[in-house]
Amino acid sequence: MRVSSFPLVTLRDNPSEAEIISHQLLLKGGYIRRVSAGIYAYMPLMLRVIDKISFIIDKELNKIGCSKLLLPQLHPSELWNKSGRWEGYTAGEGIMFHLKDRQNREFGLAPTHEEVITNLASEIISSYKQLPICLYQIQTKFRDEIRPRFGLMRSREFIMKDAYSFHSKEDDLINFYKKMGNAYENIFKNCGQKPVGVKADSGAIGGAASKEFMVTADSGEDSILFTKSGSYS
């Protein structure tokens, strides 16, 4: 492709809304363009980066037997009422964008996909012999952040990789959880990152264990405790 036909527009000065260096560089380099608070257009250069990261993710997850799919962004409220999470995600300061269609049916724009994937799994899995199975996607999510900031780090519309596995035995789940952790480490390594795997709170999603991969930075919002030997974090 000729440079003259590539739609690359850079900025000379730092935009006023860009607080941290990563946000400043993405805007100045022409990778993203702001559409509204917490909403960005991914320009051709940025999309090339996203495609490369997606390729790395696909490669590592395929190694451990995951299958890729694409779930809808628009969710009927019935699925969320069934799990008991609709009110918590839509009422008051809930993070879900929600709306009604012309038949007055309620829908939400996906902040996460547990409800849809578990309903789907209940329809396609009829025997324990089909297990284990892991389904994953790279899809857009929506969260009504009170204060979107830091560019793509805390936005109202963003791309997320999420995976969901189903097992007949707890031991199998535990073993697969370890495999997924190793896959994440390989993904970060291939992306040139050195994160710290931190024991974390599962929050509203729940579960017996949770691990967050954190990249230490001066612009971070969390404080973490870890040993130099890597034995605890």
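Student: What covers the buried residues of α6?

Tutor: In this predicted model, the cover includes α2, β7, β8 and β10 (211-214). The buried residues of α6 are Phe176, Met180, Gly181, Ala183 and Ile187.

Student: How do you know that the buried residues of α6 line one face of the helix?

Tutor: Look down the axis of α6. Its buried residues fall within an arc of 165°, so they line one face. An α-helix has 3.6 residues a turn, so residues three or four places apart point the same way. On the other side of α6, Asp171, Lys178 and Lys189 are exposed.

Student: How does the reach of α6 compare with the span expected at 1.5 Å a residue?

Tutor: Helix α6 (residues 170-190) has 21 residues. The expected span is 1.5 Å times one less than the number of residues. For α6 that is 30 Å, and the helix reaches 30 Å from its first C-alpha to its last. Just after α6, Gly192 takes a positive phi of about 80°.

Student: What makes β3 and β8 edge strands?

Tutor: Start with the order. Three strands form an open sheet, β3-β7-β8, with mixed pairing. β3 (67-68) and β8 (157-166) each have a single partner strand, so one side of each is left without a neighbour in the sheet.

Student: Why is β7 described as largely enclosed?

Tutor: Count its residues. Nine of the ten in β7 are buried, so the strand is largely enclosed by the rest of the structure. For the chain, buried residues make up 31% of the 233 residues.

Student: What makes a set of residues a nonpolar core, and which residues form the largest nonpolar core here?

Tutor: Members must be buried residues of the nonpolar kinds, joined through side-chain atoms within 4.5 Å. The largest such core has twelve residues: Leu71, Leu79, Trp80, Trp86, Tyr89, Met96, Val116, Ile117, Ala121, Leu135, Tyr164 and Phe166. The elements giving two or more residues to this core are α3 (77-83), α4 (86-90), α5 and β8. The largest share, three residues, comes from α5. A second, separate core has eleven residues, including Leu61, Cys134, Tyr136 and Ile187.

Student: Which residues does Leu79 contact, leaving aside its neighbours within four places in sequence?

Tutor: Leu79 is in contact with Glu115, Val116 and Asn119.

Student: Why is Asn104 called exposed?

Tutor: The cut-off for exposed is over 50% relative accessible area. Asn104 has 54% relative accessibility, so it counts as exposed. Asn104 lies in the loop between β5 (98-100) and β6 (106-109).

Student: Why is Phe150 called buried?

Tutor: Buried means under 20%. Phe150 has 9% relative accessibility, so it counts as buried. Phe150 is found in the loop between β7 and β8.

Student: What makes the backbone at Asn104 and Phe150 worth a look?

Tutor: Most residues other than glycine have a negative phi. Asn104 has a positive phi of about 65°, although it is not a glycine. Phe150 has a positive phi too, near 65°, and is a residue other than glycine.

Student: How do you know that the peptide bond from Leu131 to Pro132 is cis?

Tutor: Check omega. It is near 0° for the bond from Leu131 to Pro132, which is cis. Most peptide bonds are trans. Pro132 is found in the loop between α5 and β7.

Terms used. Residues are numbered from 1 along each chain as its sequence is written. This is a predicted model: local features need pLDDT of at least 70, side-chain atom pairs count only at pLDDT 80 or more; totals for chains, interfaces and linings use all residues. Side-chain values use heavy atoms; hydrogens and water are left out. Two strands pair if DSSP finds at least two bridges between them. Helices (H or I, at least four residues) and strands (E, at least two) are DSSP runs, numbered from the N terminus. Buried means under 20% relative accessible area, exposed over 50%, partly exposed in between (1.4 Å probe, protein chains only). The arc is that of the directions from the helix axis to the C-beta atoms. Contact means heavy atoms within 4.5 Å.
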